[in-house]
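Subject: Structure for your review

Dear colleague,

Please find below the sequence and structure that I am handing over to you. My findings follow directly after them, and I would be grateful if you could read the two side by side.

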Amino acid sequence: MDREEKKKPTCCVLDASTYVGFWILKRLLSRGYFVHAAIRKNGESEIEKKIKDMEVAEERLDVYYVDVLDYQSILMSLKGCNVVFCCLDNPSGYDEKEVDLEVRGAINVVEACAQTDTIDKIVFSSSLTAAIWRDNIGTQKDVDERCWSDQDFCRKKKLWHALAKTLSEKAAWALAMDRMVNMVSINAGLIIGPYVSQQNPSPTLSYLKGAAQMYENGVLAHVDVEFLADVHIRALEDSSTCGRYFCFDRIVNTDEEALKLVHSLSPLIPVPPRYEMQGNEVYEERLRNKKLSKLVEAGPAC
């Protein structure tokens, strides 16, 4: 058992106090990985308190505090690590100022990885909002990993979450290719899961800006956080992974599915009166995730 554990790479989850980061952290520990939980200083959250408690009981876990604008603090958290899960998210939601901060943070993380000799791979946590927004989305049959959201459209419609995810992922890809750092991105749908309304309210609402247009154009999709965490780890364990992966469980394109989604996010989003959800229209699904299906069907790599 000890030999098997020593063979596993040491992972850094940055930011481990985000909703996705926390679930990746838990999954890694359950699989025997050694983990550096890098936490941004945003005021002590419920998730951060849980991570501190876990550190006391879990020998494989070390906690670091980082400022993504402080390059040296990132380097400290990466020391001795082989893989980085980059999960940048703003717990207070998104505005125009936060867009720039997230881009700068992504650049610093990738640059720090490039300067750390032990890093073999970055698994970059992105979003479907980095791919689905543009003027003509309703006329496009297939929306897949080749697609990017239009930056000017996002600015015009004040879709700050989409703009932050688009620009930060593009910046990360450009720098990773320039520095020859192995990177994979996971572009997640709207994240749902245990206590998401309490532990991830502002990012959830930021994602849902423009939800009606996403719904009517067949690009509103959600993913369970436990499945999403497993996909991130699968991207680590499978050496053949490359590029971007759209990650979602279900596309919401009927009133029945929309109502289920609203219930799953209650009380963050109020449940509409029954008479408002009696439409029979089925919107065409445009999202494609064939790459993810192949990755998941391949089974565990190790």
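I begin with Phe-85. Leaving aside its neighbours within four places in sequence, Phe-85 touches Cys-11, Cys-12, Val-13, Leu-14, Ile-24, Leu-28, Val-123, His-232, Ile-233 and Leu-236. Please bear in mind throughout that the model is a predicted one.

Phe-85 also belongs to the largest nonpolar core, which has 80 residues. Together with Leu-25, Leu-28, Ile-51, Ile-186 and Leu-287, Phe-85 is among the residues with the most contacts inside that core. Helix α2 supplies the largest share of the core, namely eight residues. Another core, of 25 residues, lies apart from it and includes Leu-14, Ile-74, Leu-78 and Val-110.

The sheet comes next. Seven strands make up an open sheet, ordered β3-β2-β1-β4-β5-β6-β9, and their pairing is parallel. At the edges are β3 (61-66) and β9, each of which pairs on one side only. On average, neighbouring strands are turned by 20° against each other, direction ignored.

Helix α2 (residues 19-30) packs on this sheet and touches β1, β2 (34-40), β3, β4 and β5. The direction of α2 makes about 165° with that of β1. Helix α3 (residues 46-57) lies across β2 and β3, and runs at about 140° to β3.

Six bridges join β5 (residues 121-127) to β6, the two running parallel, and Phe-124 stands opposite Ser-185 in β6. Strand β6 is in turn joined by five bridges to β9 (residues 243-247), again in parallel, with Ala-188 opposite Cys-247 in β9.

How many of the residues of strand β6 (residues 183-188) are buried? Six of its six residues are. Both faces of β6 are covered, with Met-183, Ser-185 and Asn-187 buried on one side and Val-184, Ile-186 and Ala-188 buried on the other.

Helix α12 (residues 255-264) has buried residues as well: Asp-255, Glu-257, Ala-258, Leu-261 and Val-262. Because these cover an arc of only 160° around the axis, they lie on the same side of α12. As background, an α-helix has 3.6 residues a turn, so residues three or four places apart point the same way. The buried residues of α12 are covered by elements that include β7 (190-192), α10 (211-216), β8 (221-224) and β10 (250-251).

Lastly, the cysteines. The structure holds zero disulfides. Cys-86 is in no disulfide, and the nearest cysteine sulfur, that of Cys-87, is 6.8 Å away. Cys-86 counts as buried because its relative accessibility is 1%, and Cys-113 counts as buried at 3%, the cut-off being under 20%.

Yours sincerely

Conventions. Residues are numbered from 1 along each chain as its sequence is written. This is a predicted model: local features need pLDDT of at least 70, side-chain atom pairs count only at pLDDT 80 or more; totals for chains, interfaces and linings use all residues. Side-chain values use heavy atoms; hydrogens and water are left out. A disulfide is a pair of cysteine sulfur atoms within 2.5 Å. Buried means under 20% relative accessible area, exposed over 50%, partly exposed in between (1.4 Å probe, protein chains only). Helices (H or I, at least four residues) and strands (E, at least two) are DSSP runs, numbered from the N terminus. Two strands pair if DSSP finds at least two bridges between them. Axes are lines fitted to C-alpha atoms, for helices over the stretch in contact, and angles run from 0 to 180 degrees between N-to-C directions. Contact means heavy atoms within 4.5 Å. The arc is that of the directions from the helix axis to the C-beta atoms. A nonpolar core is a set of buried Ala, Val, Leu, Ile, Met, Phe, Trp, Tyr and Cys residues joined through side-chain atoms within 4.5 Å.
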